[in-house]
Amino acid sequence: MISEKAYVLLSGGQDSFVCLVWALQQFEDVEAVSIQYGQRHNRELFYAAEVAKHFCVKHTVYDIGDFITAMSDSTLLSSGDHNASHKVAGNLPASFVPNRNGIFLTVISSHAFRNNEKHINLVTGTCETDFSGYPDCRDNYIKAKALELSLGLDRPVTIYTPLMWKNKAETFAMAADAGKFKELIELTLTCYNADETLHKWGRGCGECPSCKLRKRGYEEYVDMAKK
Ligand code: ZN
């Protein structure tokens with residue numbers, strides 16, 4: 001167990017839930033930070049608050065306003081088909097929000113700095129294996145971001161990404177191994193349409209790219225658990 005505090009970016013979704021569970025196992029103290037940035041649906045933030053409450057973790061929400069919405073083309077921020085290609089970068093999905101991860105990590109590092117952490121430990125659920133190819137979810141980006149924040153704050157910053165090389169099935173397994181499977185299913189929302197219908201694989205519409213990924217991951221996890 002590391003005798004320092006970790007700060008977890010908590011979105012209300014499946015991945016950040018598992019990151020919080022992971023951080024609680026690894027660190028003596030844990031705080032959660034959520035960010036309101038003008039997302040099309042902010043129902044996820046309700047679940048983030050419920051998760052923090054459930055684990056008795058201090059939870060801070062920063063409303064960073066609508067500048068990301070004002071400057072970005074993404075179906076997470078305005079209308080459009082999540083399954084289409086991005087308006088600007090055809091190789092990326094329409095849901096891509098440029099620099100979102102970088103901005104979030106900057107915000108949470110400032111929060112930790114304000115608490116005068118001598119060593120800033122950040123935890124985020126970014127994942128290279130299973131996701132839509134968002135460039136700011138890649139391992140090399142996260143490593144560069146940690147260096148950038150360390151230089152900008154003049155103190156060591158470590159960014160932990162416990163899910164970087166996990167697929168969705170393995171993420172389900174992490175929650176199950178920690179005895180938090182029921183909480184994962186009921187207390188998280190990853191659906192792009194913010195549909196809260198409860199299924200055995202979690203809450204969602206079952207049709208958007210995020211639900212499809214979650215549903216497939218659950219089925220793979222069930223198969224894996226049988227073996
Ligand atoms: Zn959905």
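# Aromatic pairs and a serine

Student: What's the relative accessible area of phenylalanine 46?

Tutor: Phenylalanine 46 has 36% and is partly exposed (20% to 50%; buried is under 20%, exposed over 50%; 1.4 Å probe, protein chains only). The model is predicted, so local features need pLDDT of at least 70 and side-chain atom pairs 80 or more, while totals for chains, interfaces and linings use all residues. Numbering starts from 1 along each chain as its sequence is written, and side-chain values use heavy atoms, without hydrogens and water.

Student: Which charged residue sits over the face of phenylalanine 46?

Tutor: Arginine 43, at 4.1 Å from the ring centre (the rule: NZ of Lys or CZ of Arg within 6 Å of the centre and within 35 degrees of the ring normal).

Student: How many aromatic pairs are there?

Tutor: The count is 12 (Phe, Tyr or six-membered Trp ring centres within 6.5 Å; planes under 30 degrees apart are stacked, over 60 edge-to-face, the rest tilted). One of them joins phenylalanine 46 to tyrosine 47, edge-to-face, with 5.2 Å between centres and 90° between planes.

Student: Is tyrosine 47 buried or exposed?

Tutor: Buried, at 4% relative accessibility. Another pair, phenylalanine 172 with phenylalanine 181, is tilted: 5.9 Å centre to centre, 45° between the planes. Phenylalanine 172 is buried at 0%, whereas phenylalanine 181 is partly exposed at 21%.

Student: New topic. What does serine 34 touch?

Tutor: Leaving out residues up to four places away in sequence, its contacts include Leu10, His59 and Tyr62 (heavy atoms within 4.5 Å). Serine 34 is buried, at 0%.
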